[in-house]
Amino acid sequence: MDLKEHLKTLTELTGPQGHEEAVRHYLREQWAAYVDEFEVDGFGSLISIKRGTGPEPRKKIMLCAHMDEIGMLVADIRNGYLRLSDIWGIDERILLGKLVLIHTRGGTLKGLVASVPPHISNAKGGTDAYPDWEELWVDLGLPAEEVAAKVRIGDIVTMDAPAIELMGDKVAGKAMDDRACVAAVTACLDYLKSRKHEWDVYAVASAQEETGLFGAAAAAYKVQPHLAIALDVAFAQQPGVNGDEYPKHGGAPVIGIGPNLHDGLNKGLQDTAKQLEMSMFTETYTGATGTDAWSIQVSREGIPTALLGVPVRNMHTPIETVLIKDIDRVGRLMAEFIVGLTDEFMDKIAWKPADADKGDKKNGADK
Amino acid sequence: MALQDTMLKQLSEAAGVSGAEDEVRQLIYDTIKDHVTDLRVDTMGNLLAVKKGTGKSSLKVMVAAHMDEVGFMVTGVDGEGLIKFASVGGIDPRILPALRVHVGKDRTPGVITWKPIHLSYKEKDVKKTDSFRIDIGADNKGAAEGKAQLGDRITFASETIALTDNIVRGKAFDDRAGCAELIELVKGDPFPFDLLVAFTVQEEIGLRGAKVAAQALNPDVAIVLETTAAHEVPQDEDEPDITTVTKLGHGPVITYMDKASIAHPGLRKAFVRVAGQLGIPHQFRSPQYAGGTDAGAIQTSMAGVATITISLPCRYLHSPYLILDLNDFQNAVKLVRATLMQLSPSDLER
C-alpha cells in the first residue's frame, strides 16, 4: 500500500461533520481487501470487522479514527456572493483570499473568499483586525442569477485545498485531522494482513467527532469492544507551539495519559513499543482529551480506552502538515499490539485487591 | 474570448516578483521575437522592442505593461529550518495565515504556518508579516538553505483557471493581463507609426523600470496597460461607498486620474471618442482608492510625455487570487488598437 497516496486521496475527499459519505465509500473500497465484514451504523460511522483466530466468543478491540473534517455552511446569498457560517472548528482568521468548494445539489462550485485590495482597504476599516464571519464574502465568479439558482442556504462548504508534498516526506493539506489517523488504521490493517491475531479487530471510521464526539459514542455502544484505541492528531511543535509538552514531527506514536485513558492498556501499548524499540511521546491530559476517547470510555459499562496520535502542524487550517513516517509508526504499533493480545489480557489489566495473587502483583509492578 | 485564446494562463503562472521577472521576460521574449525589431533587455531588465509601422505617421508611441508582481523575499532561515520573509509590494498581512507559496527558483512548495485555533483563539491582533514563517518541510537549517537563499523570491502558489467562459481566476493578473494585451497588439496589424514596446520591471516597488524605459525609448505618447481595483461584494449601508470603483464586464477603464498621474486630456478624449464610435463598452473610475501606475513615471520622464492608463477592472488585486472578465480584456485590446490606429498629433494639442 502506498501510504502517502492513500493519505492524499483521503484528505481531498469531502466529508464535513454529518456529510461523511464520500470518505465512507472510499474506505469501504480500500479496506475491503483487509476485513471480513462491514457495518454502517445509524450515525454513518463505518464499522469494519477483521475476525481473529481465537475460539469464540472472541474478544474485541476497536480502533477509532474520525473521518469527518471541519466544515462550513452557506449562511446567506446576496447579489451572487455568499456568506458562510461555521459548522464547528474553522478559524475565520485564515479565510481571506482562500479557496473553498460549495457543494450544491447540482455539483461542486469553486469559490474564493474575497480579500480587500490594499488600494481600498483603508476605506473598509483598514487591516488592523481579522474579519468576522459577517464580513467574509465568497465570490464564485458567476452571475448573481446563476448563483441564486444553484446555491441554497445550508449547502455545505469545505476548503479547496489539494494535498501537497513538502520536503522530508511531509504532506500538507486539509483534513489531516483526522484522516492522517484514518490512514494509520489502514496501515495497521495492512500490517495485520500477513499476521495472525486472536482478537476480532473492529476498525471504525467515526462520524461527527468535530461536533461533539457523537459518532464514536454510537459506534462504541454498538460494537461493545473490550478495549478501544482512539486516534487523533496532536499539536506538533511549530511557530507559536513551543515547549517539551508538544511532540515534534517524527515523535509518533503520541500516547495520552490521564483519567480519560486506561493505564493498563497504555502499559500494554508501551510494552509493545519497547519490543519494537520504538520511541513514544507521552502527552498528559488532566481531564477531557477532546477526542473520541472521551465518549468511548463511558460507553456501556465502561471501556478501557487509549489515545494514540500523530503530530500535525497548523491544525484546523487547509495546510495541516504531517510526516508520513509518523502515520506508519502508529499503524505498526497497533498491529503489533493486536498480534500480541491474548484471552488473558483483560484479566491482566483488571483491578485487583491489594491481597490478590502476589505473582500477578509482581508482574504488574515490573517496569 | 476564452482563457486558452490568450497568454494569460502561462503569463500569470510564471514567477516574476519585482526585480526577478526572468521567467516572465523569457516567456514574452519567445512570444514576440518574430513580430518585432530592436528587441533588447536593458540594464534593469525591461524588455524593449519596436513593432514596425506602415510609416504613415511619425508619432512616437510607447505602450507599456509591467511584468512584475507582488510577492515575498527570503530574509533568512531560522534554527528549525523555517523561512523568514518580507513582502515585496503591498500585501495585506491578513492573507498570510495558512497561505501556500512557491519558494525560490526551484519553486519549492511551502506553507505559511499558523498556530492552531485551539491554542490561539484569544489572539485577535493582526500578526505582522515578520512574525510568520514558511515551512517547506526542511528538517533543519541546512536543508532549508539549500532551497531558500537570502533574497530568493517567493510567489503565491496559485493556478489560473476559468470559472466560466469569460471569468478567470489566478494570481498576478496585475499586470500580466496588461502584458497579454500588449502581446496581442504586437502580434496584430501594424500601426501607422512604429510602436515602441516596453514590458517593464519593478512597478510594484515604485514604478522603477518604466522610468528608464521611457528615457530609452523617448516617446511623444505613452499608453500604460494596467489592471485596476474592482470590488463588488455586498455593502452594508453604514460602510463607505466603494461602488465608484470599477465593475467587471463593464469594459476597459479610461483613467482620468490615479495616485501618481493625471491622464493627458487629449488622449482621454481620443479614447472616449473611439470607444463611442465603435460602441466598445468602457467605464471611468473615481480617483479615490486608486493606486499609482507606470504612467506616473513615464509622464514625468524627460520633458514630459502625453500619457494615459487604460485598465482592466480586476477583483482582489495584490492577493493570491484575482478575478477578471476576458470580455473586458478583449474590449481593451480592441479599444487600444483602434485608438492607436486613429491617433494623430492633433489629439495631443493643448
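**Close-up views of a two-chain predicted model**

**View 1. Overall make-up of chain A.** Chain A contains 12 helices and 17 strands, where helices (H or I, at least four residues) and strands (E, at least two) are DSSP runs numbered from the N terminus. This is a predicted model, in which local features need pLDDT of at least 70 and side-chain atom pairs count only at pLDDT 80 or more, whereas totals for chains, interfaces and linings use all residues. Residues are numbered from 1 along each chain as its sequence is written, and chains are lettered from A and ligands numbered from 1 in the order in which they are written. Taken along the principal axes, the C-alpha atoms of chain A fill a box of roughly 80 × 45 × 35 Å. The radius of gyration of chain A is 22 Å, which agrees with the value near 21 Å that a compact globule of 367 residues would have; this radius is taken over C-alpha atoms, and the globule rule is 2.2 Å times the number of residues to the power 0.38. Of the 367 residues in chain A, 53% are buried, a residue being buried if 20 or more other C-beta atoms lie within 10 Å of its own, exposed if 12 or fewer, and partly exposed in between, with C-beta atoms placed from the backbone.

**View 2. The closed barrel of chain A.** Six strands of chain A form a closed barrel in the order β4-β5-β8-β7-β6-β9, with antiparallel pairing; two strands pair if DSSP finds at least two bridges between them. Within chain A, strand β6 (residues 99-104) and strand β7 (residues 107-113) are joined in the antiparallel sense by 6 bridges. A:Val100 has A:Gly111, in β7(A), as its bridge partner.

**View 3. The surroundings of A:Glu92.** A:Glu92 lies in the loop between β5 (81-86) and β6 of chain A, and it is partly exposed, with 18 other C-beta atoms within 10 Å. Leaving aside residues up to four places away in sequence, A:Glu92 touches A:Tyr130, A:Pro131, A:Asp132, A:Trp133 and A:Leu136, a contact meaning that the C-beta atoms of two residues, placed from the backbone, lie within 7 Å. A:Glu92 and A:Trp133 are 41 residues apart in sequence, while their C-alpha atoms are 6.6 Å apart in space.

**View 4. Loop residues of chain A with positive phi.** A:Gln224, a residue other than glycine, has a positive phi near 50 degrees and is placed in the loop between α7 (214-223) and β13 (227-235) of chain A. A:Gln224 counts as partly exposed because it has 13 C-beta neighbours inside 10 Å. A:Glu277, which is not a glycine either, has a positive phi of about 55 degrees and lies in the loop between α8 (263-275) and β15 (281-284) of chain A. A:Glu277 counts as exposed, because 6 C-beta neighbours lie inside 10 Å.

**View 5. Cis peptide bonds in chains A and B.** A:Glu56 and A:Pro57 are joined by a cis peptide bond with omega about -5 degrees, and A:Pro57 lies in the loop between β2 (46-50) and β3 (60-66) of chain A. In chain B, a cis peptide bond with omega about 15 degrees joins B:Asp174 and B:Asp175, and B:Asp175 lies in helix α5 (residues 173-187) of chain B.
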